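Reader: Please show me the model, and then I will ask about how its parts pack together.

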Amino acid sequence: MSHTLNIIFDFDDTLVYTNELFDIAKDRFYLRMAELGFDDTDVPKLLNDCDIANIAKAGAMKSSCFANAMADAYAELCRRHGQAPDAAVTAEVVELGYQPYNARQRRFPGAEELLQRLRDRGDCRLNLVTQGEFAIQNRRIGESGFDKYFDNIFIVPLKYPTIYVDMCREQGWDAARTLSVGNSIRSDINPSITAGFKAVLLLIRAWDYEKTEPLGPHLRIAALEELDDIVEEMLK
Ligand SMILES: [Mg+2]
């Protein structure tokens, strides 16, 4: 079909809520540390820094990055307070760090209706591109029930800066006819701008790893429902 528009959706915190699951685990970690007498004001920053360092080290969004960050932050707090890490507490916080990956994700309001409308148009190719571990993301996508709306689902270890340049070449996508929506400047918007897509940022809080300067102009929406008009405009 000559008027086909290629649309790329991010998954986490674009179609389903993810950050809130990490926030629950983080709050439990802060409470546990406070119980141990580690009430340093920078515990949230310490945990975050450990997490981002682990992703950089792994070169991928692995579930072990967050779990190990909990152990790393706990070890650092012990060091500051002149104590040796307790093996049982270390195991406990690592376990806590895996909880977000086992919890069920809530779907964004209007997400399913939007995907159905885009499907029903018949002139859009829908792609889901998500980063993380294959088994975890595959299970979560299945749990969301959104898989049936997509023509293609790609689970990648990391959305690196030129990933969409590579995917255009591999998938034969026409960049000028591609729209990409996601909640992260780093993982969604900048790789999309680099590839020449129309990039749409969904305004929902992203975590610190995702915060960076946008490489160029992009659209910003507060709700998924705003995509219908953008799609309509691109198909004119
Ligand atoms: Mg996301």
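Reader: Which residues of helix 4 does helix 1 meet?

Author: The model is predicted: local features need pLDDT of at least 70, side-chain atom pairs count only at pLDDT 80 or more, and totals for chains, interfaces and linings use all residues. Residues are numbered from 1 along each chain as its sequence is written. Two residues are in contact if their C-beta atoms, placed from the backbone, lie within 7 Å. From helix 1 come Leu-21, Phe-22, Ala-25, Arg-28, Phe-29 and Arg-32, and they meet Val-93, Leu-96, Gly-97, Gln-99 and Pro-100 in helix 4.

Reader: How are helix 1 and helix 4 oriented to each other?

Author: Helices (H or I, at least four residues) and strands (E, at least two) are DSSP runs, numbered from the N terminus. Axes are lines fitted to C-alpha atoms, for helices over the stretch in contact, and angles run from 0 to 180 degrees between N-to-C directions. The axes of helix 1 (residues 19-35) and helix 4 (residues 87-102) cross at roughly 160°. Angles over 145 degrees count as roughly antiparallel, under 35 as roughly parallel, 65 to 115 as roughly perpendicular and the rest as oblique, so helix 1 and helix 4 are roughly antiparallel.

Reader: How are helix 7 and helix 8 oriented to each other?

Author: The axes of helix 7 (residues 163-171) and helix 8 (residues 185-195) come within 7 Å and cross at roughly 50°. Helix 7 and helix 8 are therefore oblique.

Reader: Is strand 4 enclosed or exposed?

Author: A residue is buried if 20 or more other C-beta atoms lie within 10 Å of its own, exposed if 12 or fewer, and partly exposed in between, with C-beta atoms placed from the backbone. Thr-178, Ser-180 and Gly-182 point one way from strand 4, Leu-179 and Val-181 point the other way, and all are buried. In strand 4 (residues 178-182), 5 of the 5 residues are buried, so the strand is largely enclosed by the rest of the structure.

Reader: Which strands are the edge strands of the sheet of 6 strands?

Author: Two strands pair if DSSP finds at least two bridges between them. Strand 4 pairs in the parallel sense with strand 1 (residues 5-9) over 4 bridges, and 4 bridges also join strand 4 to strand 5 (residues 198-202). The open sheet has the order 3-2-1-4-5-6. Each edge strand pairs on one side only, and these are strand 3 (152-156) and strand 6 (219-221).
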